Amino acid sequence: MSFTADRLLLFGATGDLAQRMLLPSLFALDADGLLAADLKIIGTARSSMSDSEYRNFARAALEKYLPADRRGRMAEFLNRLSYQTLDATTLEGYDDLAAKVGTPARGLAIFLSTAPSLFGPTIKGLQSAGLTGDNVRMCLEKPLGTDLASSCEINDAVAGAFPENRIFRIDHYLGKETVQNLFALRFANLMFEPLWNAAHIDHVQITVAETVGLEGRVAFYDDAGAIRDMVQNHMLQLLALVAMEPPAHFDATAVRDEKVKVLRALRPVVAGETVTGQYRAGAINGAAVPGYDEELGKDSDTETFVAIKAHVDNWRWKGVPFYLRTGKRLPKRVTEIIIQFRCVPHSIFAGKGATMQPNRLVIGIQPEENITLSLMAKVPGLDREGIRLRQVPLNIAMQDAFSGAVRRIAYERLLLDLVEGDQTLFVRRDEVEAQWDWIDAIRAGWAAEGLTPKTYTAGSWGPSAAIALAERDGVTWHE
Ligand code: BG6
């Protein structure tokens, strides 16, 4: 298992993800000397292209998507690339692909960034061409199914050719530096862990807000909706990282063992604890944007917003709601986690007129990484008319704390981990299935009750019912 691959085979090599993320990430790793000198990258897709045409295609993608300050000499990187045309659905062609891959000196990593309907045929093709041996790893990009049953089908097909310790399922949120910092915040500091439980935490909020709309992904998104596109994977992974017990080690088994326990402890949600929405025309940052139905060109019952009140039924989190919300065309792009602590058990200042607010930890994941702890402080003065207390922020801007550090995109880390064989930041089968299990039950509840999304104006924070979902518990969403 422990080898650094010297061949990387990219399925979907002409697709959107390859252009925006995979090629730029590989280039950036190469520029920093992080790829083995002998690593060869073979792209494959249906389009007919020669090696040199693919290199030109890759160059164009790098020029378009790499930030200007990270573009450098491209020739060496492009020389690593070659290309094989392939119709993944038929067995013919896989032998030619194998010939193009050649015999790896150490091992091969395969990255499948294609429609999930191609996963099964691709695995068969790889098997037929002898590309599934002990020195081959398989990496899968989402969506891994549309529900538990289809996800099991994909997982079974892959498991027919690769053992779990050679399967790497991507959730790109786990590749974000800021998400990994959650491990450090929780497990490299003494002061939070003793308070990290139902006795001291009132509730948790997780918001993943986006300003973008459909972005041309019409067919995919309309079939998925916000709950399957964002909650099933990214948001549940964030929730698991917040709620997990401390793992004994920072390694793939220990971390994923703890995450899956949380996912399995999620209480089934009743329909009344969810709110769905779909945006209508509005404005984002002053610019008019069309409604979802207009972008789609037809009516649809797909939700572009979802809010859920979740519970983790275990000792640590008994009675602590986790409010989750995500949506497209919200007022700003922000991902953040709020840990709302309880009030102090007794206020010694009550007789002096002072009011208290409970502490709150705001963990900003993107676009800026900020960790803010709100503390109560005394307003300076002689206090002849009573003591005044006010909330003041203790603010850690990671950007300033680590100003010299390169900010890497998630796929850089994940591709490097794949090539080197570290599964810690990849999702294990039991996690994916626990995630689907919980999501399927919510969707079944919606179907049983005939729930359809409420509309919201683009540029607002979703339907007003989402505000009510929190407010009826006396909770205000952090904005
Ligand atoms: C993807 C979803 O997984 O994550 C997209 O399919 C979403 O709909 C994207 O826009 C958000 O990722 P990020 O890294 O921009 O927060």
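1. Start with asparagine 359. Leaving out residues up to four places away in sequence, asparagine 359 touches Ile339, Gln340, Phe341, Ser374, Leu375 and Met376. The model is a predicted one, and asparagine 359 sits in the loop between strand 13 (334–341) and strand 14 (360–366). A polar atom of the asparagine 359 side chain lies 3.0 Å from the backbone oxygen of serine 374. Serine 374 is also one of the residues that asparagine 359 touches.

2. Is asparagine 359 buried, exposed or partly exposed? Its relative accessibility is 28%, so asparagine 359 counts as partly exposed. The cut-offs behind that call are under 20% for buried and over 50% for exposed. A further distance can be checked on the model. The C-alpha atoms of asparagine 359 and histidine 200 are separated by 10.0 Å. Along the chain, these two residues are 159 residues apart.

3. Arginine 342 is in the loop between strand 13 and strand 14. Aspartate 202 forms a salt bridge with arginine 342, and the closest N and O atoms are 3.5 Å apart. The pair links distant parts of the chain: aspartate 202 belongs to strand 7 (residues 201–209), and the two partners are 140 residues apart. Aspartate 202 has 30% relative accessibility and therefore counts as partly exposed. Arginine 342 is partly exposed because its relative accessible area is 33%.

4. Next, the domains. The protein chain is divided into domain 1 (7–141) and domain 2 (174–471). Their contact takes 17 residues from domain 1 and 13 residues from domain 2. Taken over C-alpha atoms, the domain centres are separated by 33 Å.

5. How much area is buried between domain 1 and domain 2? The figure is about 1,400 Å², and carbon and sulfur atoms give 71% of it. On the domain 1 side, Leu29, Arg70 and Arg137 supply 32% of the area buried against domain 2.

6. Four residue pairs are in polar contact between domain 1 and domain 2, with both residues at pLDDT 80 or more. On the side of domain 1 that touches domain 2, the elements giving two or more residues are helix 1 (16–31), strand 4 (108–112) and strand 5 (136–140). Helix 1 gives the most, with seven residues. The count of salt bridges between domain 1 and domain 2 is one.

7. Now look at arginine 408. The side chains of arginine 408 and aspartate 32 meet in a salt bridge, at 2.7 Å from N to O. Arginine 408 has 31% relative accessibility, so it counts as partly exposed. Aspartate 32 also counts as partly exposed, because its relative accessibility is 39%.

8. Arginine 408 has another partner. Arginine 408 forms a salt bridge with glutamate 412, the closest N and O atoms being 2.6 Å apart. Where does glutamate 412 stand, buried or exposed? Glutamate 412 is buried, because its relative accessible area is 1%.

9. Aspartate 417 deserves a look. Aspartate 417 is in helix 12 (residues 410–420). Aspartate 417 is buried, yet has no salt bridge. Which side chain of opposite charge is nearest to aspartate 417? It is that of arginine 413, 4.2 Å away. Setting aside neighbours within four places in sequence, aspartate 417 is in contact with Phe168, Asp422, Leu425 and Phe426.

10. Helix 7 (residues 177–187) is mostly covered, with eight of its 11 residues buried. Which residues of helix 7 are buried? They are Thr178, Val179, Gln180, Asn181, Leu182, Phe183, Leu185 and Arg186. Arg186 also takes part in a network of salt bridges with Glu193, Glu245 and Arg316.

11. Last, the overall tally. The count of salt bridges comes to 32. Among them are the pair of arginine 408 and aspartate 32, the pair of aspartate 202 and arginine 342, and the pair of arginine 408 and glutamate 412.

Technical notes
Residues are numbered from 1 along each chain as its sequence is written. This is a predicted model: local features need pLDDT of at least 70, side-chain atom pairs count only at pLDDT 80 or more; totals for chains, interfaces and linings use all residues. Side-chain values use heavy atoms; hydrogens and water are left out. Helices (H or I, at least four residues) and strands (E, at least two) are DSSP runs, numbered from the N terminus. Buried means under 20% relative accessible area, exposed over 50%, partly exposed in between (1.4 Å probe, protein chains only). Lys and Arg count as positive and Asp and Glu as negative; His and the chain ends are not counted. A salt bridge is a side-chain nitrogen of Lys or Arg within 4 Å of a carboxyl oxygen of Asp or Glu. Contact means heavy atoms within 4.5 Å. A polar contact is a pair of N or O atoms within 3.5 Å; within protein, one must be able to donate a hydrogen and the other to accept it, and residues adjacent in sequence count only if both atoms are side-chain atoms. Domain bounds come from an automatic or database domain assignment. Buried area is the accessible area (1.4 Å probe) that two parts lose on being put together, summed over both.
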